[in-house]
Amino acid sequence: MVAFAVPRVRAAAHPEAGAAVVVALAWIVLLARPGHHWAGPADLPQWTVMAAAMMGPAALPGVRHTALNSLRWRRRRAAAEFGLSYLAVWVAYGAVVLLLLPPVPVGVALLVAAGWQLTPYKRRWLLECHRGRPLPPTGPRADRAAAEFGLRVGGACAGSCWALMAVMASGPMSVLWTAGLSGLVLTERVTRHPVRTTRIAALVLAALAFAYLAPALA
Amino acid sequence: MSLPFVRVDVWTLPEDDPVLTAYGDAVAAMKAKPASDPTSWAYQAAMHGSLSAAPLPLWNQCRHGSWYFVSWHRAYLYYFERIVRAQVVANGGPPDWALPYWNYDGGGDHNTLPLAFRGPTRTDGSANPLFVTQRNAGINSGAGLPPSITTPAFALGRPTFTGASEFGGGISSASGQFWSQTGRLEQTPHNDVHVAIGGWMGNPDTAAQDPIFWLHHANVDRLWWLWQQHHQDPTDGRWTKQSFDFVDTGGVPAALDAAGVESIATLDYAYDHRRLRIPWPPIRKVRPLVRWPFPWPERPERRLPDPAPEPQREIVGATEQPVQLVGSQVRVPVRIDRRVSESLRFDMRARQPEHRAFLDVEDIDADRDPGVVYGVYVNLPDGASEADLAAHHVGNVSLFGVERARDPRGDEPGHGLRVSMEITELLDRLAADGTWEDGEQVDVTFRPITLEQPAGPADQAVARTEHVQLPITVGRVSVHFA
C-alpha cells in the first residue's frame, strides 16, 4: 500500500507529465516525416499528429489544472478526458480544412493570420483559453466536466489559432514552419502580456506574408 | 529628519476636528477641478477604477485578487495623501495633515460610519463634501458593520504572506486588475467592508469617489503594517521589484515598487499607536496534539512565525454541483473521499509533515454584486447560538469586483472569484471535542451577514435595499489536505 502511494505523490507535482510525453512522441513522429505534402482527407492521421505536436504544449496548463483539481485516484483519467476532447476539436478542424477548403497560397494564409491577430475576437478567444471551470469530484458528472472543459479550451484555442493552423495546411509541412508557429502559439498562451504578444506576432506574420507575396506581385 | 505625518483613528477625532474639516475642504476643492487634472478628485478616483469609455492613461490601475493588492494600494494612498495635503495647505489648513483611518473593529460605535461622513451638512450648516448618498441604506443613519466582517483576525492570524489562503494573496500577473488569488486581508475586512457600505463603495470602478474609501484603505494599510511587525513580506523579485505608476503633487508622474513601500517610515508617515492592542497572535497558537478521526501521523509542534511557503495541497473532496445563494442560509455537504484520505495518510507518515486542511470556495459568480456578505461556517450545529457562529466561522464570501473579474479590460481572462481558508484549527477543535465523529464529511454553511441597525425609533432603521435577491453561483466548494 505504501509502495503504491508514494509514486502517486511524485506524479502530483507534475501531473501533466504524461501529456508532455505524448506531445514529445508526436514531435518525434513529425520530425521523421519532414516536407510532407497534404493530399486531402487521407492525411487526417498525419494532421492529428501535427495538431498534438503543435497545439499540445498549449494544452498542458489545462491538463495540469484538470489533474490537480481531481481526486488523486482519478487524476489520470480526468487528464486524459480533457486531453482527448481538446485534441478532438483540432482533429475536427483538420477534417474541415483538408476535406472542404480549397488550397490557399501560403502568402495569403499568412496575411489572413496576421489580420486575425489584430481583431478583438482573437484577444477574446486567447483569454478564453485560460478560463477554468468547476470540476465535480466523482461519477459521470466528473467525466462529463473534464471532457467539456477540454472541448471548451480546445474550442477557444481553435478560435484563437485557426488562422495559424490554416497556414500549416496551405504549404508543405516543413520542420521550420512547424517549430516556428508552435513557438508562437505557446508564447501567446503562456506570456504575462498576451495582448501585446498577439500584436508582435501579427507583425511577424505580416512580414512573412510580404516576403511570400512580393515576388508574386512584382 | 522631520517627524512623520501621523495617521490617526478617525473615531478619536470630534466631528468638526480640523483634520476632518480640512479633508472636506480639500475634497470640495479637488472636485471643482476638471477630471483631466491629475490632482482632481475625479482623476484620483479613476486611477483606481472608472466606468469611463475613454479612460486617461493612468486610470483603471487598481490591483485586486493578487499579491500586489497591498503594495499597489499603499503607494496609491501615499500619493493621494500628498496631493490632498498640498490642497489642505493651499486652503490654509494644517501643514501636518495626514489621512485618518477608520478602525471599524475598534469596539463601541466605531463600527458605524464616522459622524463627519454621515450628514448632508456640517455642524456649521455648510454643505458636507464628505457625505455621499451612494451608500447602502442604513449606513448614513448609523447602521453598524458586524464584527464578523470587520475582524482583522483571519488576516492577522496568517503566518505567511504569499498564497490565496495567506495574508497577502497568491502570485498573479502584474498586469490586469482582478485575479482570483485574493488573500485573507483583501477579503476580510477589505472586500466585505466595501460590499457592506455599498453604493459607490460596492464597485471598484466607483469606490474611490466616496471620501470614506480612503479612510477604509488607510485602515487596511495599517493592518498590513501591524502584520509586518511580526512577519516577513515576500522576498521574491517579482513582488519586490514590481513598480506601478502614479502621480505626485502638482500632477508630476511618479512610480513606486513594493520594496519602496514596505517600510512606512521611508514614506514618512506613521500610525497613532505602536502595536496592536490585542494579544499577539490572535488565532494561531501552538496546540497540544489532537487526533483527527483518521489515524493521522503525529504532528510536530508548530513554529511561530512560519515563513514557509504554502504547502502543496491535495484535493480530498468537493461538491458535485454548483450552489446558488439568494440571500438565505444554505448548507452544503462536502464528502471527504476515503480512498484519497487513506492514501494521503500513508504519504504523510512517510514524509512526517504537519497535517493541514483548507476550504476553497471557487468560481463564485454573479451578474453583479448583490451587496451581501456571506459568512462561511464549518459544521455549524443546528439552531446555532452566537457563540457557535463565532466558533465555526472560518471566513466570508463577498463579491467586490465581480463585474470586473468576469469582464476584464486587460490581459487577464474572465473568471469567477475564489476565497480560500485554512480550517485546520477548527477541525482540530471539532475532533478534540468529539463533534466531528465520522471525519468523512465537512458541512459548509453560507449565511448572510446583516448590518446592525441603529438603535432608536424604528422608522430610522431603514432596511437594506440592495439587490439581495440577485443569485450568486458558487461553482464548487472543495476541501484540501496538505
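Buried area is the accessible area, taken with a 1.4 Å probe, that two parts lose on being put together, summed over both. In this predicted model, chain B and chain A bury about 2,600 Å² between them, and 50% of that area lies on carbon and sulfur atoms.

**Interface of chain B and chain A**

- The contact involves 37 residues of chain B and 28 residues of chain A.
- Across this interface there are 9 residue pairs in polar contact, both residues of each pair being at pLDDT 80 or more.
- On the side of chain B that touches chain A, the elements that give two or more residues are β5 (314-318), α10 (338-351), β8 (357-365) and β13 (472-481), and the largest share, 7 residues, comes from α10(B).
- The rule also finds 3 salt bridges across the interface, and E320(B) forms a salt bridge with R141(A), in which the closest N and O atoms are 3.9 Å apart.

**Helix α9 of chain A**

- Helix α9(A), residues 194-217, has 24 residues and reaches 33 Å from its first C-alpha to its last, which is close to the 34 Å expected at 1.5 Å a residue.
- In general, an α-helix has 3.6 residues a turn, so residues three or four places apart point the same way.

Technical notes: Residues are numbered from 1 along each chain as its sequence is written. Chains are lettered from A and ligands numbered from 1 in the order in which they are written. This is a predicted model: local features need pLDDT of at least 70, side-chain atom pairs count only at pLDDT 80 or more; totals for chains, interfaces and linings use all residues. Side-chain values use heavy atoms; hydrogens and water are left out. Helices (H or I, at least four residues) and strands (E, at least two) are DSSP runs, numbered from the N terminus. The expected span of a helix is 1.5 Å times one less than its number of residues. Contact means heavy atoms within 4.5 Å. A salt bridge is a side-chain nitrogen of Lys or Arg within 4 Å of a carboxyl oxygen of Asp or Glu. A polar contact is a pair of N or O atoms within 3.5 Å; within protein, one must be able to donate a hydrogen and the other to accept it, and residues adjacent in sequence count only if both atoms are side-chain atoms.
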